[in-house]
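Please examine the sequence and the three-dimensional structure shown here.

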Amino acid sequence: MTFEDWIFALHLLSAATLVGSLVMSWIVVVSLLSVHTPGETIALSRVAMVGTVTTVVGLIGAIAFGIWLAILRDAFHVWDGWVIAAIVLWVIAAAALWRSFIEYAKPVEKARALIAAGETAPSAELTASNRASNGLLLRVLASAAIVLIVIDMLWKPGA
Amino acid sequence: MLAAIRPGEQDFALLLHLVGATVVFGALLASATSILLARGETRLLRLGYFSLLLVGLPGLILMRLAGQWLYNLQKWDALPDQIEQPAWLGIGFVVADWGGLLFLVSLALGGVGIYRLRHGKSATGLLTATTLISLVLIVAYVVAVWAMTGKPD
């Protein structure tokens, strides 16, 4: 394998980590919809934290190795239309994911406050917070952007 | 560059293969993490198992079927006898087929574990085995992605 092959493999490994983490985060998000107690919210947040870390690793790896690859390869350039489209979609996905991490931290903070106050029973307020649509919509936006990146990478429109 | 020289009819098969692979990879990550971090909490143990069953298994089937479709479209099945199949393709088949078998074993063990949990019995050993198999499969999938993208000879 050449150096360029390694960068390509690392780019795709990062992309697979990103999409895999996104699938994992959807499993957690869907599971959160039926969580009513502070203890269960905290337990799920532990799983979500691993998903967040792998998502960030995938995001950074995919863009860094992707741009590096575009510089190394003669067949395409960073200023090609499909590469620029992928970078713009990556920025949208990264921003939406960052905002969604902040939104999903809110019920965890609420659950910690409830536990600190000695309340461990199901809470209607916590259930509503776990089901808040802001984080969900941001996750949908990020997922749509990432699916579009995958399609853009496969079809390479204009290349 | 590879996509630029790949006939258009193969793009959809490749997309489905990639979607299946990343779905099963995500389900394995979710499953292993949930069971490892469960600390005895039934909800997380169940989440770990049902991630494999309801998300991972459909992903595995999609990945394998789309992979076979791509294999046929690219005429790998029509290689002359004197030409050996490339190593990366062999690695892909080993991970998909033997990994698929391991996946089914982990599903069976986890299923018995969840059944025992439901009846108030201990299932630590069974769910630990499910987690260990998931971790082995995660490593195997990383190797497969590296092999199928880097295509080492």
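The model is predicted: local features need pLDDT of at least 70, side-chain atom pairs count only at pLDDT 80 or more, and totals for chains, interfaces and linings use all residues. Residues are numbered from 1 along each chain as its sequence is written, while chains are lettered from A and ligands numbered from 1 in the order in which they are written.

Chain B contains 5 helices and 0 strands, where helices (H or I, at least four residues) and strands (E, at least two) are DSSP runs numbered from the N terminus. The order along the sequence is α-α-α-α-α. The C-alpha trace of chain B spans about 55 × 30 × 20 Å along its principal axes. Of the 153 residues in chain B, 37% are buried; a residue is buried if 20 or more other C-beta atoms lie within 10 Å of its own, exposed if 12 or fewer, and partly exposed in between, with C-beta atoms placed from the backbone. Among the contacts in chain B with a separation of 6 or more, 75% link residues 24 or more positions apart, a contact being two C-beta atoms, placed from the backbone, within 7 Å.

Two packed helices are described by the angle between their axes and the distance between the axes. For helix α2 (residues 9-36) and helix α3 (residues 42-73) of chain B, the axes come within 7 Å and cross at roughly 160°; axes are lines fitted to C-alpha atoms, for helices over the stretch in contact, and angles run from 0 to 180 degrees between N-to-C directions. α2(B) and α3(B) are therefore roughly antiparallel to each other, the term for angles over 145 degrees.

Most residues other than glycine have a negative phi. R39(B), in the loop between α2 and α3 of chain B, has a positive phi near 50°. R39(B) is exposed, with 9 other C-beta atoms within 10 Å. Likewise, K75(B) has a positive phi near 60° and is found in the loop between α3 and α4 (87-118) of chain B. K75(B) is also exposed, with 8 other C-beta atoms within 10 Å.

Helix α5 (residues 124-150) of chain B has 27 residues, which should span 39 Å at 1.5 Å a residue; its end C-alpha atoms are 39 Å apart, in agreement. The expected span is 1.5 Å times one less than the number of residues. Buried residues of α5(B) include L126(B), I133(B), L137(B) and W146(B). The buried residues of α5(B) pack against α1 (3-32) of chain A together with α2, α3 and α4 of chain B. Just after α5(B), K151(B) takes a positive phi of about 45°.

How values were computed:
Parallel < 35°, antiparallel > 145°, perpendicular 65-115°, else oblique.
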